[in-house]
Amino acid sequence: MRFFKDLKAFRKLLKLPSSHRQIVFYSEGTAYWAHFRSIIRHLAVTLGQQITYVTSDPKDPGYTDPIPNVEGICIGEGLFRNMWFQLLKAKIFVLTVPDLGNSELKRSKFSVHYVYMFHSIVSTHMIYNKRAFDNYDTIFCAGPHHVAEIRETERIYNLPPKQLIEHGYGRLDEIISEQPNKAQPHFSKETVSKTILIAPTWGPQGLIETGKACGLIGNLLNEGFEVILRPHPETLKRAGPCFDKTINLFDEHPAFNEERDVTSTKSLIQADLMLSDWSGAALEYALGYGKPVLFVDTERKVKNIDYENYENLPLEDIIRNTIGAILSQDRFCEVAQVARELIARNKPGGYTHSPETYVYNVGNSAKVAAEWLLKNISEIKVE
């Protein structure tokens, strides 16, 4: 059944009129809608621009919940998606996929202007592959660190300069904008002193995949904390058994809950502190809510071993002591004590660091991106 649905979508995409191919977005799945929606709504609703939103996930809100002037199409993840990428005819193609051209997703054989948009505030040169952004024409940079890193990459590898736009980070804008009206939801039936949100990264070194989350959760629950486990979508996809094992250990505990929907802000609002490792979610939480993060000092998430040759240090490394504290692995038994100290030190209104220090156009990134895209439609030629 999926095969025929994807074939139908593929044919529909090839027949799109020119008006629907001016600006095309591609989403890998539901979790990425949170990064696209503010730009798409500004483009389609505020500016009245017709766009096409293509997703690989039939549950993606950008596909299931119609927006005026947005053509939503689900293409799946297989052969037809990959073929469509190579046959795409569009003026501007916006996506959050690193390693374009280095994986099964290739650039089109036609003239298309490719725009990369970050789905994390973390740096470009440690957790991403060395050539992750080489095949993009324009990069929407979340903050000054992205500009500095990409320019240094171009110098190191003698690459042609890309167009770098001081964009910002829509997910952070939404988090901040919700602050005045946020409710205080609770997961559990019982009220406990403080709530810890555990939101680790994915991969072999992640807290869930290594089993280290189990010991931390057990310690926190025993010390009277309420604990919410929020797995990365890639953990659910690639390491489901590890996650299930963790859940099964604590599922009956009245103060333990899970949240699988990373587009929700429910757990972020409720938590007094986040426990993480190298996840970009920690930066969103700290900068958006002004709450502390306790970083478990696990093995670094490194996909580019050349990052040590850079003068620019990874933001997710240097910011750790600014937005919280680091818990060494030999102090796991002290996690509850350190968490209490961090929460107690958190002043009313949050930590004193400002999101504007790290991120462009706070509160205005959707407008900046949408207006750039609209302006450049007329300046980009398509075969």
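Contact here means heavy atoms within 4.5 Å. Helices (H or I, at least four residues) and strands (E, at least two) are DSSP runs, numbered from the N terminus. The model is predicted: local features need pLDDT of at least 70, side-chain atom pairs count only at pLDDT 80 or more, and totals for chains, interfaces and linings use all residues. Residues are numbered from 1 along each chain as its sequence is written, and side-chain values use heavy atoms, leaving out hydrogens and water.

**The sheet.** Select the seven strands. They form an open sheet in the order β3-β2-β1-β4-β5-β6-β7, paired in parallel; a pair needs at least two DSSP bridges. Now go to the edges: β3 (70–74) and β7 (163–166) each pair on one side only. From one strand to the next, the twist averages 20°.

**β1 and β2.** Select residues 23–27 and 51–55. These parallel strands, β1 and β2, are joined by four bridges. Pick Y26, then V54 in β2: they are bridge partners.

**The helices.** Select α2, residues 33–46. Helix α2 lies across β1, β2, β3, β4 (92–95) and β5 (113–117), at about 160° to β1. Angles run from 0 to 180 degrees between N-to-C directions, with axes fitted to C-alpha atoms, for helices over the stretch in contact. Next, select α4, residues 79–87. Helix α4 lies across β1, β2, β4 and β5, at about 150° to β1.

**Last stop.** Which helix gives the most to the nonpolar patch? Helix α4 does, with three residues. Select L87, which lies in α4. L87 is partly exposed, with a relative accessible area of 30% (buried is under 20%, exposed over 50%, partly exposed in between; 1.4 Å probe, protein chains only).
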